[in-house]
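The sequence and the structure come first, and the description follows.

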Amino acid sequence: MHRRLFTRALAVSVLVATAAAAGPTTATAEAPTPAQTRLHATIDAILADSRLDGAQAGVVVVDAATGRTLYDRNGQRRLVPASNTKLLTSTAAMDLLGPGHRFTTDVSTDGPRRAGLLSGDLYLRGGGDPTMLAADYDQLAEQVAAAGVRVVTGDLVADDTRYDRSRLGPDWTWDDEPYYYAAQVSALTVAPDTDYDAGTVIVHAEPGARAGSRPKISMTPDNGWLRVDNRAQTVAEGETTISIEREHGGNTVVVTGQIAVGEATESDWVTVWEPTGYAADVFRSALRRHGVRVLGRTVLGAATPDTARPLARHDSMPLADLMVPFLKLSNNGHAEVLTKELGRVLSGSGTWSAGLSAIGEYAGDAGVDTGTLRQRDGSGLSRRNLVPPAQFVTLLSAVRAEPWFDTWYAALPVAGNPDRFVGGTLRSRMVGTAAADNVHAKTGSLTGASGLSGYVTDADGRLLAFSIVLNNYLTSSVKGLEDQIAIALATYTEKGAATARMTVPTAPDSPRVPEGRECSWVKPALC
């Protein structure tokens, strides 16, 4: 057995042995304590809410140290997990790629150079980095200029061959495609800001100088890859109704609606069609600014020759740091890039199928019964993902033994913490309760599917691992029910159990988020 697999198998064996020594691992195997009976009644009452009439609910709570099950309803039922899927992807990436893993973007050439003339092609090779900003491409161009290159007689070749050319998940719904949370995946791409939503552009609409004029449209980053069809109007007064949307199948952004003179600029994030061309366009403009002329055309998707010599290089932040925007903001693009990167690193194939196979193998090594679940993408956008809540809890319990656990745990959203890069998608939830600054958990949202899986420290100081997955409800949101369960767990105690009483907790209202979206998927963020 491979040494790493042997070590993990030994750790899982120790965990199982510890749980066995502490008693049966399910509440049904022994009489529940009075405190557990009250906890069961409390959670049962929360799940009896009319919002779940006709819906499916799976909830599992386990003492993470002993493995003792405190609550289990439909724990083995396969449910659509939405972004809770990222728990599988992120833990596999941390373990198999390592916290220090970086993505490299480089520039090279195979042509001879004389003075400032490069007789040949210039290759921009993508390494999958989802954090590449326009400023990073500018630094690459600066390095090329510093190497003495002034004129390139050949083409600019954009090499995205590290991954395959499948840009969108096979099960993603067509109407998500223009929106930034469903951006195309490429090994060569651009992010517009430090949320690192790779493959997107921020489009700004500023009112014109007078009524009747067109609003002023600009983009971040500035680029020539997208074309704007400005049909909007500046009006003297009235409600702002600006709509910014990219047409399917191309890079025309249509701006409609109205904006009043003197109103604040409206901005929206849109995906691009073919991120490789977007990156090449941004880099070519940067070369021009640094005095480097490319005489040839831009060629997309060709591989860099093995004989090419390096001119410039950019390394991403380490994976440990990437976990923060990835998990805090539930970044779908990061999940999909990591899935393809796992496939590329472990099997030489930068595909979804290879990456998902690697994630499944890791999860199996961690004790997850992979025969009971199906994972179709890295992010959870696919409605064909099916995971029993009990398997999330198994994973959450097992990864506590990993050397990278503390880093990963800190990257999970923290309930009620107002800092966007601490609280993340939970920053407006459970505020002012025992769960605030306590619950570390991954959220999940699709229309009719919601989840919250992670950790909470109870009133006795025990770390509990829990998973709540709710499906097939018709109301706009069931987040408040998840919050009530988490608050109940945060206040759970077995001390003084003979006199303690548990009541159904209330959960503060959180900002209204469009149905089926994580709050961080709404720009500007509502959470």
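Predicted model: local features only at pLDDT ≥ 70, side-chain atom pairs only at ≥ 80, totals over all residues.

On the helix 4 side the contact involves Ala134, Tyr137, Asp138, Leu140, Ala141 and Val144, which meet Ala279, Val282, Phe283, Ala286, Leu287 and Arg289 of helix 5. Sorted by class, the contact of helix 4 with helix 5 has 10 nonpolar, no polar and two charged residues.

Helix 3 (residues 86–96) and helix 7 (residues 332–347) form another crossing, with axes that come within 10 Å and an angle of roughly 45°. That angle makes helix 3 oblique to helix 7. The crossing of helix 3 and helix 7 is left-handed. From helix 3, Lys86, Thr89, Ala92, Ala93 and Leu96 take part; they meet Asn332, Ala335, Leu338, Thr339, Leu342 and Leu346 in helix 7. By class, the contact of helix 3 with helix 7 has seven nonpolar, three polar and one charged residues.

| Helix pair | Axes come within | Crossing angle | Hand |
|---|---|---|---|
| Helix 3 and helix 7 | 10 Å | roughly 45° | left-handed |

Helix 3 is mostly covered, with 11 of its 11 residues buried. The buried residues of helix 3 include Lys86 and Asp95, along with Leu87, Leu88 and Met94. Just after helix 3, glycine 98 takes a positive phi of about 95°.

Five strands form an open sheet in the order 18-8-6-3-19, and the pairing is mixed. Strand 18 and strand 19 (309–315) are the edge strands, each pairing on one side only. Neighbouring strands of this sheet are turned by 15° against each other on average, direction ignored. Helix 4 packs on the sheet, where it touches strand 3 (104–109), strand 6 and strand 19. The direction of helix 4 makes about 150° with that of strand 19.

Strands of a sheet pair through backbone hydrogen bonds, either parallel or antiparallel. Strand 8 (residues 156–159) has pairings to two strands that can be followed residue by residue. Strand 6 (residues 122–125) and strand 8 pair in the parallel sense over four bridges, and leucine 122 has leucine 156 of strand 8 as its bridge partner. Strand 8 also runs parallel to strand 18 (residues 298–300), to which three bridges join it. Within that pairing, valine 157 stands opposite valine 299, and alanine 158 stands opposite leucine 300.

Which way do the residues of strand 8 point, and are they buried or exposed? Leu156 and Ala158 point one way from the strand, while Val157 and Asp159 point the other way, and all are buried.

Three strands form an open sheet in the order 11-14-13, with mixed pairing. Its edge strands are strand 11 (227–230) and strand 13 (243–246), and each pairs on one side only. The twist averages 20° from one strand to the next. Strand 13 and strand 14 (residues 252–256) pair in the antiparallel sense over four bridges. Glutamate 245 has valine 254 in strand 14 as its bridge partner.

## Isoleucine 487

Isoleucine 487 is found in helix 12 (residues 479–490). Its relative accessibility is 5%, so isoleucine 487 counts as buried, the cut-off being under 20%. Leaving aside neighbours within four places in sequence, isoleucine 487 is in contact with Met430, Thr433, Ala435, Pro505, Thr506 and Ala507. Methionine 430 and isoleucine 487 are 57 residues apart in sequence, yet 7.4 Å apart in space, C-alpha to C-alpha.

## The chain as a whole

The secondary structure of the chain comes to 12 helices and 22 strands. Of its 527 residues, 56% count as buried. Among contacts between residues at least 6 apart in sequence, 71% join residues at least 24 apart.

Notes
Residues numbered from 1 in each chain as written. Heavy atoms only, no water. Buried < 20%, exposed > 50% of the residue type's maximum accessible area, 1.4 Å probe, protein only. Pairing = 2+ DSSP bridges. Contact = heavy atoms within 4.5 Å. Axes fitted to C-alpha atoms, helices over the stretch in contact; angles between N-to-C directions. Parallel < 35°, antiparallel > 145°, perpendicular 65-115°, else oblique. Left-handed = near helix turned anticlockwise from the far one by under 90°. Nonpolar A, V, L, I, M, F, W, Y, C, P; charged D, E, K, R; others polar.
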